[in-house]
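Q: I am new to this structure. Can you walk me through how to read it?

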Amino acid sequence: MKLYCLSGHPTLPCNVLKFKSTTIMLDCGLDTTSVLNFLPLPLVHSPRLSKLPGWISKDGTINLEKVLDARELLDLSTIDVILISNYHCMMALPYITEHTGFTGTVYATEPTLQIGRLLMEEVVNFMERVPKAQSATCWKNKEIQRMLPGPLKDAVDVWTWKRCYSMQEVNSALSKVQLVGYSQKVELFGAVQVSPLSSGYSLGSSNWIIQSHHEKVSYVSGSSLLTTHPQPMDQSSLKNSDVLILTGLTQMPTANPDGMLGEFCSNLAMTIRAGGNVLVPCYSSGVIYDLLECLYQFIESASLGTTPFYFISPVANSSLEFSQIFAEWLCHNKQTKVYLPEPPFPHAELIQTNKLKHYPSIHGDFSSEFRQPCVVFTGHPSLRFGDVVHFMELWGKSSLNTIIFTEPDFSYLDALAPYQPLAMKCVYCPIDTRLNFHQVSKLLKEVQPLHVVCPEQYTQPPLTQSHRSDLMLELQPPPMPYRRCSVLNLPFRRRYERVYILPELANSLVPSEIKPGVSVATVSAVVHSKDNKHTLQSVPKPPPVAPSKKRKRVMDEPPVVLAPKPLLSGAVPLEAFLATLQKHGITEVKVEETADGHILHLQAEDTLIQLEEDGTHIVCDNNEPLRTTLRDLVLRFLQKL
Amino acid sequence: MDRECVSLLPRVCEVLAASGSSLPDDTSLEKLLDWFTGLTKAGTSLLESCPCLLEFISTVVHNTALDPSILSFTLRLTGFVAVTEVAFKVLQESSVLDLVFNLQHWQEAGLWEDPCIRIGWIQGLRTMMQHPKALSFFVQADFLQPLLQLQTDKSLFVASAANQMLAHVLLSCQSVSSVGSNDVDEEGEDVGRSGGSIADLEYSAVTVETNQDYAAVVTAISECLKKSLVPRENTQLHQSLQILKLLALLLAQTRPPLWEKLLQMVADSVDELLVAGYSQLILPLMDVILAAYSSCDVNRRAPDQRVSRLLSFMLNIRKPADLIQAAAAFLRRGLHDLVHTAQSARVLLLPLDIITGLNLLTTTADEQRFLMMEQLKNKTSCISLICVCLTNTPQMTLMAADCLPCPPVLIVTAVLSLLKLCSGDSSSPSSSSSGCREVSRNVIGSSKVQKCALDALTALSGSPGVEVKLAEVFTLLVQCLDNPDSDPTVLQKSFQALVQWMSVCSDLSSITDQHRQDLLQVVRKRSCDIRWEVRDSTVEFLGRLAGVRVIQTTAEEASDASVAVLGGCCFTTPLLRAALQDTESYVRASAISALAQTLAASWQQGAALTQEQTEIVNQLLEVLSWDTEGFARRAVVRYFIAWLSSMSSHSCVQSPASSSLLMPSVRSVLSRGSADLDWEVKVHTLELAELLLDEAFSGQRGYTKGNPTQTHPYAVIPNTLHTRTHNEEDVVGVLNSLVQWGVVSALLSGLVDCDRPVALRACRLLITLREVVCPLSLGALDATAAMATVARVTCELPGCGWAREIRKMLVMKAKDANAEGGVSGGEVVNCDDCGEAGQEAASVGGQTPCVSVCEVLRSLDLDERLDVLTRSSDHVHNSPLSLLQDILTASSARSQPDTQQEVIADCY
């Protein structure tokens with residue numbers, strides 16, 4: 001069993017597991033931090049951005065970094081299936097399924113597919129609505145790259161950066177997705193069975209169990225034990241794994257989500273009270289639901305009742321509505337609301353009372369409804385594209401306004417860099433509900449996997465806080481770390497295989513009981529293997545020998561299937577055996593104890609009998625009758641099959 | 001004793017002796033015993049005043065079929081009866097006593113199994129044991145052995161009572177023996193000490209023989225102590241624990257010959273116990289040693305060598321958890337022992353030293369350090385050890401400098417770096433060794449440690465020489481306040497610590513502008529926090545800060561800390577006004593009191609009112625009328641109390657501008673407050689009325705500030721009070737203004753309030769008012785003549801609510817007076833429309849009738865009313881008479897089953 005690690009990013013994993021002749025890709029996250037090297041894409045021409053010294057806005061299309069040019073490590077066309085754990089971990093899907101010869105199937109839950117589609121659509125939309133007349137192509141050449149300005153000059157591996165995919169590619173990639181439900185079992189070529197389990201992180205997010213009859217591998221990615229909106233995490237099904245692959249722990253181990261949520265609310269209230277606007281750059285699904293829910297409760301006590309909340313995204317409407325219809329994927333509390341019937345999320349009420357309004361973009365209706373001071377939720381969190389760019393230009397100059405970062409994926413200082421100098425206040429409250437180290441060590445204590453595999457980042461404290469030895473995994477035995485491009489041999493051997501016996505063959509068996517409750521029979525058969533299923537079939541009768549005119553050699557005849565020699569089992573009890581010998585007139589026996597059994601020296605006959613655990617030897621020279629007698633005596637004590 | 005009670009008692013005794021199960025409820029017997037206790041304490045001889053008790057006891061004691069609770073009651077009652085020697089003799093002669101306390105009697109009846117019989121037996125004996133006769137009885141009946149057995153009884157109450165009893169026996173023996181040995185000095189001391197409880201020892205003829213008996217008792221008890229102190233096996237730990245408790249009691253109370261003897265007897269066993277090192281016994285053991293030690297301390301004797309040695313041993317035990325416990329117990333006693341105090345301090349500072357890596361202790365035994373380190377690596381014990389240390393830290397810094405291994409400043413530094421560790425951002429030197437890192441990991445994010453550390457930090461602010469740390473403390477506390485993960489209590493304690501440090505270190509020159517900015521930012525943020533507890537503590541902080549006086553270097557003059565660090569009202573007032581809108585009533589209430597505190601300075605300086613203050617007043621009056629929660633409304637009334645009292649105490653600088661706003665608002669507060677539904681609001685309103693009375697009549701003859709009945713008879717009355725002569729015109733003016741402000745209506749409405757505290761307070765104030773305006777002492781005839789002018793002052797009695805009540809009372813009074821044919825009868829109520837018919841007419845006519853204030857005050861029977869109100873509402877219900885009647889009623893109800901249901905309802 002081998003694990004190919006294609007991504008070094010612990011929360012955007014991409015691993016390939018080769019297990020029992022199947023090749024399974026686990027997630028395909030897309031690390032988009034490379035966009036921070038580029039200028040923001042303004043919706044309208046920005047004279048400031050176009051005149052920045054040392055910055056030439058030449059290559060308009062944002063490049064996204066793909067997980068890895070995996071072809072070096074393995075051929076993507078050999079991948080049989082891709083298992084997706086949540087919508088954040090599928091953003092690279094078109095790069096893998098399109099133009100690589102991929103012919104397999106992608107498995108994901110329905111919310112993962114739908115919301116993943118929304119997120120992809122959003123990115124494509126953000127890119128395509130500001131098309132560039134020209135695009136540079138040669139800059140990735142090492143020689144030319146060296147002459148580029150600042151951050152680009154020093155960027156590494158630029159050759160892995162790809163252009164953003166198109167909507168057509170997205171559709172084609174998503175058409176390969178097959179939907180699954182929690183705990184549904186999917187057979188892969190009869191060799192293994194995979195099934196998703198609730199992971200508690202986001203709508204439809206899942207961990208995966210990959211098991212054969214005798215082995216079990218768990219893949220834990222992006223799980224949460226907090227009670228937010230999704231169904232709670234299924235922990236018990238992870239028990240008794242041989243290997244547990246652990247990825248997607250919190251990126252902010254020191255930032256407790258509750259504290260951050262409180263921080264978010266108080267900063268928001270503070271700004272609004274002082275007459276400023278609040279900008280929240282965020283993804284259009286996920287934490288935003290919780291933020292809205294928290295604000296819903298907070299609005300009253302902070303007397304923010306009249307402040308408008310705007311949610312601007314090409315997929316805002318779908319995102320808010322999808323969240324309300326995936327009732328079966330929600331936590332118990334929200335599920336029960338559906339039967340009342342009430343919308344599970346309170347943002348429905350915010351929309352009804354006109355406190356929350358959503359628009360596809362800043363164009364159109366929004367401009368006529370826009371009232372300040374207000375709170376705006378919009379993408380993209382990298383501040384490089386999307387409507388957020390516009391609000392940065394609009395509000396950046398006033399110190400009354402505040403930008404509150406809630407997504408942990410981008411460094412907020414880097415995100416803000418092109419907008420400097422900035423008068424706007426800036427607050428960083430990353431909300432990451434994924435498991436922290438404390439929770440994960442408790443979880444592992446509970447489920448007790450034999451081996452744990454995890455990104456190497458989890459095996460040491462964070463670089464910036466080397467004294468925090470509480471922010472790492474400490475396990476016994478220590479976890480196996482992986483890094484980008486490593487190939488791990490997972491440390492367990494396959495020892496058993498399940499084999500089926502056809503009924504007629506089974507009928508012919510004659511079991512004999514060797515000890516109470518254990519019966520044994522010998523079988524002669526032909527193993528037939530197909531689709532990873534092994535079946536024992538009766539030995540075909542030899543076809544009647546066609547009369548041949550040319551008789552070659554007698555030996556050419558098909559070998560007669562001899563009845564197999566009976567197998568012996570049991571042990572020879574020493575005392576009883578000696579008594580039997582005596583009855584047969586052998587009296588002078590010297591018994592010697594050895595490490596494995598006994599040696600009987602028949603002194604008169606000058607014969608040795610070695611009784612050992614797994615064999616009996618009679619050493620008797622030139623006295624065949626005696627040897628035969630002795631052999632028969634030994635056989636009396638043994639069972640024949 | 002009440003005659004009526006005495007007459008009822010025989011029947012009650014009969015009922016009890018017949019069957020105990022018909023009691024009104026299960027507390028009746030306890031209440032009866034309480035009554036007897038009271039009587040005994042008052043010096044009444046029970047047997048003389050209630051001879052029926054003897055018969056009762058002798059009847060009950062023979063009837064073992066009775067309810068055990070009655071039997072237990074009887075045992076205890078016997079103790080009370082036999083408390084005097086005379087009664088004791090009577091009981092003994094009638095041979096009741098022997099049977100009552102006869103163990104065999106109870107055991108044979110199978111009643112000894114019941115814990116209430118056992119405890120009755122012990123307590124009865126204990127009560128009786130006040131004179132040598134009882135003691136001899138105890139010795140001769142050989143009750144010592146059973147008592148020793150009861151010490152480990154499975155009922156905790158019995159065991160504890162047995163322990164107390166043993167101590168009592170031993171102490172009694174001690175006194176008696178010392179009398180016997182004719183040690184005059186000792187005896188004199190003795191009688192004084194025991195407070196007369198064994199006062200009748202002097203005339204007791206103690207023979208040499210009994211003296212020997214006592215010696216035998218002492219020996220037997222100390223033998224038992226010695227023998228059972230060390231547990232043979234783990235199951236006997238309980239016994240050792242009991243013995244240790246007894247020993248602690250004894251060593252704290254006994255005096256030299258016996259003290260010496262006890263110590264002599266148990267010293268070896270204690271040694272053995274120490275070596276065995278049972279963790280559960282550490283604290284009781286320490287109690288014993290400290291009891292012995294402090295008894296030397298109290299009696300100004302040099303500490304006993306053995307005790308000192310034991311103490312040193314305790315402060316050197318190997319188990320770190322036990323060691324810390326012992327050291328903390330020693331420090332809590334506050335004994336004058338430099339050596340051991342210093343040692344305890346070192347022990348308690350060791351965990352802090354290890355975890356912070358600061359060299360608090362220059363030298364420590366390596367072994368002790370190692371053991372402590374190992375203990376600290378375990379998370380639970382680490383947190384509890386650190387918390388014990390932190391709790392004791394402030395006390396340490398108050399010790400003499402030569403006891404402390406390091407200056408207090410260093411301890412403050414250690415606490416600060418511990419707090420940094422807790423919040424996870426530490427670059428303390430401890431990170432050097434892996435062991436320390438392992439230890440410090442245990443406290444990261446522990447809010448329990450944070451809370452203890454903040455408490456310690458608050459208390460440390462007063463230690464000498466720590467002012468230099470102010471800036472550092474300030475920075476750290478602001479960080480704590482800014483930390484998103486701090487829990488509400490941590491935030492509250494941080495705020496408190498900040499106020500405390502600023503109030504102690506009044507020189508804020510080390511606080512930079514950056515510090516101020518950070519604090520402003522964090523206060524602003526926390527006032528918008530999502531948790532109301534946090535908003536509440538923030539608002540409270542703003543108020544407290546305004547009350548702290550500090551010196552600023554720039555201006556060199558005192559100002560309040562709120563001005564010094566937050567820029568004063570221009571920052572705080574908008575925040576507080578926003579908090580007035582908070583959804584949580586606690587926050588609104590805190591905001592109101594904080595506003596009062598921040599504005600106090602400007603009131604006192606008599607500064608002109610700002611537009612903002614006018615708005616605030618309007619907002620507050622609105623809160624008083626509309627707020628649904630009592631807290632906020634109470635706070636509003638307190639706000640005006642604060643304002644009014646600060647104005648009146650600085651009346652010389654009273655600015656007309658502010659009083660032009662103040663007095664109308666006070667008027668509406670009085671009218672709205674006295675009509676409030678919450679009794680506390682009403683009481684506060686009356687306090688406001690009292691302030692106005694004080695102000696109006698200060699210096700007036702006959703006016704005593706506050707409660708007239710509480711004035712001390714020997715209190716010196718300042719001369720100034722007499723200087724102002726009684727001027728009737730003045731009084732009229734003042735009374736008129738009181739009526740106009742609504743003080744009189746507020747008091748009258750309070751008087752008829754259904755909440756007793758309100759009515760009581762109003763009644764007292766009305767009496768005060770009456771004594772100034774129209775004292776009853778003048779007599780009716782004189783009064784009418786002397787107060788012709790004052791009587792003209794009238795107040796309105798509207799036709800509803802409280803006024804109707806007052807009116808009714810006046811009419812009743814008038815009728816009474818008419819019936820008696822009194823002289824002033826017709827004039828009590830100055831117009832006829834106070835009758836029902838007139839009242840109707842008046843309300844139809846739209847006019848509210850007026851009555852003379854003086855007449856109302858004189859006619860309301862205020863003193864009688866005060867008398868009624870002062871008694872608690874259940875005084876009738878709780879009297880012994882009622883108790884006895886209840887018992888009788890219950891039993892008669894039992895004999896007539898039909899009415900039983902009713903009685904149960906009655907009991908409820």
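A: Start with one term. Contact means heavy atoms within 4.5 Å. Keep in mind that this is a predicted model.

Q: How many residues of chain B are in contact with chain A?

A: On the chain B side there are 22 residues, and they meet 22 residues of chain A.

Q: How is the size of an interface given?

A: Often as the accessible area that is lost when the parts come together. Here, chain B and chain A bury about 1,900 Å² between them. Carbon and sulfur atoms give 56% of that area.

Q: Which three residues of chain B supply more of its buried area than any other three?

A: They are B:Arg441, B:Cys528 and B:Ile530. This trio supplies 30% of the area that chain B buries against chain A.

Q: How many salt bridges does the rule find across the interface of chain B and chain A?

A: For a salt bridge, look for a side-chain nitrogen of Lys or Arg within 4 Å of a carboxyl oxygen of Asp or Glu. The rule finds two across this interface. One of the residues named above takes part in a salt bridge: B:Arg441. The partner of B:Arg441 is A:Glu474, and the closest N and O atoms are 2.8 Å apart.

Q: How many residue pairs are in polar contact between chain B and chain A?

A: The count is four, with both residues at pLDDT 80 or more.

Q: Which elements give two or more residues to the side of chain B that touches chain A?

A: Two helices of chain B do: H24 (434-443) and H28 (513-526). H28(B) gives the largest share, four residues. Now sort that side of chain B by class. It has 10 charged, seven polar and five nonpolar residues.

Q: Which strand pairs with S15(A) over four bridges, and in what sense?

A: One such strand is S16(A), residues 356-359, which pairs with S15(A) in the parallel sense. Four bridges also join S15(A) to S17(A), residues 375-378, and these two run parallel as well. Follow A:Ile312 to see both pairings. In S16(A), its bridge partner is A:Tyr359. In S17(A), A:Ile312 stands opposite A:Thr378.

Q: What is the general rule for phi and for peptide bonds?

A: Most residues other than glycine have a negative phi, and most peptide bonds are trans. So look for the exceptions.

Q: Where is the peptide bond with omega about -10 degrees?

A: It joins A:Leu340 and A:Pro341, and it is cis. A:Pro341 sits in the loop between helices H10 (332-338) and H11 (347-352) of chain A. Another cis bond runs from A:Gly379 to A:His380, with omega near 5 degrees. The place of A:His380 is the loop between S17 and helix H13 (388-395) of chain A.

Q: What is the phi of A:Leu383?

A: It is near 60 degrees, a positive value in a residue other than glycine. A:Leu383 also lies in the loop between S17 and H13 of chain A. A:Leu383 is buried, at 0% relative accessible area.

Q: What is the phi of B:Asp861, and how accessible is the residue?

A: Phi of B:Asp861 is positive, near 55 degrees. B:Asp861 is in the loop between helices H44 (853-859) and H45 (862-870) of chain B. B:Asp861 counts as partly exposed, with 36% relative accessibility.

Key. Residues are numbered from 1 along each chain as its sequence is written. Chains are lettered from A and ligands numbered from 1 in the order in which they are written. This is a predicted model: local features need pLDDT of at least 70, side-chain atom pairs count only at pLDDT 80 or more; totals for chains, interfaces and linings use all residues. Side-chain values use heavy atoms; hydrogens and water are left out. Buried area is the accessible area (1.4 Å probe) that two parts lose on being put together, summed over both. A polar contact is a pair of N or O atoms within 3.5 Å; within protein, one must be able to donate a hydrogen and the other to accept it, and residues adjacent in sequence count only if both atoms are side-chain atoms. Ala, Val, Leu, Ile, Met, Phe, Trp, Tyr, Cys and Pro count as nonpolar, Asp, Glu, Lys and Arg as charged, and the others, Gly among them, as polar. Two strands pair if DSSP finds at least two bridges between them. Buried means under 20% relative accessible area, exposed over 50%, partly exposed in between (1.4 Å probe, protein chains only).
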